[in-house]
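Please take a look at the structure shown here. The report below goes through its fold, its core, its surface and its charged pairs.

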Amino acid sequence: LADADVARIDALRRDAIRVEGHVWLVGITELAPITRGFLSAIRDRVTALVHAPASRAADFDDFGCLKV
């Protein structure tokens, strides 16, 4: 029996992230650090959709989270 959080961290460290298909992020305002790490590992398969005017694009990061 393994701790799920420890297993996630271990998978990220071993570069063992595997995803089938594309990941779409919709309406994300913040991400846990481990989630951000997973998404960064598959960055080329992630698209973030943000409902905001194009003039506000600089207010959001690559994953659609509001920059603070």
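Is R43 buried, partly exposed or exposed? With a relative accessibility of 40%, R43 counts as partly exposed. That value falls between the 20% and 50% cut-offs, so R43 is placed in the middle class. The model is a predicted one.

## Overall fold

The protein has two helices and two strands. Read from the N terminus, the order is α-β-α-β.

The radius of gyration is 14 Å, whereas a compact globule of 68 residues would have one near 11 Å. Along the principal axes, the C-alpha atoms fill a box of roughly 45 × 25 × 15 Å. Among contacts with a separation of 6 or more, 45% join residues 24 or more positions apart.

## Core

Of the 68 residues, 16% count as buried. The largest nonpolar core has nine residues. Its members are A11, I17, L25, L31, L39, I42, V46, F63 and C65.

What does I17 touch, leaving aside its neighbours within four places in sequence? The contacts of I17 are A11, L12, F38, A41 and I42. Two of these, A11 and I42, are also listed in the largest nonpolar core.

## Surface and nonpolar patch

The protein exposes about 5300 Å². Carbon and sulfur atoms supply 55% of that area.

W24, V26 and L49 make a nonpolar surface patch of about 340 Å². W24 lies in strand β1, residues 23-26. L49 belongs to strand β2. W24 is exposed, because its relative accessible area of 53% is over the 50% cut-off. L49 is partly exposed, at 43% relative accessibility.

Which residues does L49 touch, not counting those up to four places away in sequence? They are W24, L25, V26 and G27.

## Salt bridges

How many salt bridges does the structure hold? There are five. Three of them are described here, starting with the R43 pair.

R43 forms a salt bridge with D62, and the closest N and O atoms are 3.1 Å apart. This pair links distant parts of the chain, 19 residues apart. R43 sits in the loop between α2 (33-41) and β2, while D62 sits in the segment after β2 (46-49). D62 is exposed, with a relative accessible area of 62%. R43, as stated above, is partly exposed.

R14 pairs with D10, with 2.9 Å between the closest N and O atoms. R14 counts as exposed at 54% relative accessibility. D10 is partly exposed, with a relative accessible area of 35%.

D59 forms a salt bridge with R56, and here the closest N and O atoms are 2.5 Å apart. D59 is partly exposed at 26% relative accessibility. R56 is partly exposed too, with a relative accessible area of 44%.

Methods:
Residues numbered from 1 in each chain as written. Predicted model: local features only at pLDDT ≥ 70, side-chain atom pairs only at ≥ 80, totals over all residues. Heavy atoms only, no water. Salt bridge = Lys/Arg side-chain N within 4 Å of Asp/Glu carboxyl O. Buried < 20%, exposed > 50% of the residue type's maximum accessible area, 1.4 Å probe, protein only. Helix = DSSP H or I, 4+ residues; strand = E, 2+ residues; numbered from the N terminus. Patch = residues over 30% accessible without salt bridge, like charges linked within 9 Å, V, L, I, M, F, W, Y side chains within 5 Å. Areas by Shrake-Rupley, 256 points an atom, 1.4 Å probe, with all protein chains shown as cover. Core = buried A, V, L, I, M, F, W, Y, C linked by side-chain atoms within 4.5 Å. Contact = heavy atoms within 4.5 Å. Rg over C-alpha atoms; globule rule 2.2 N^0.38 Å.
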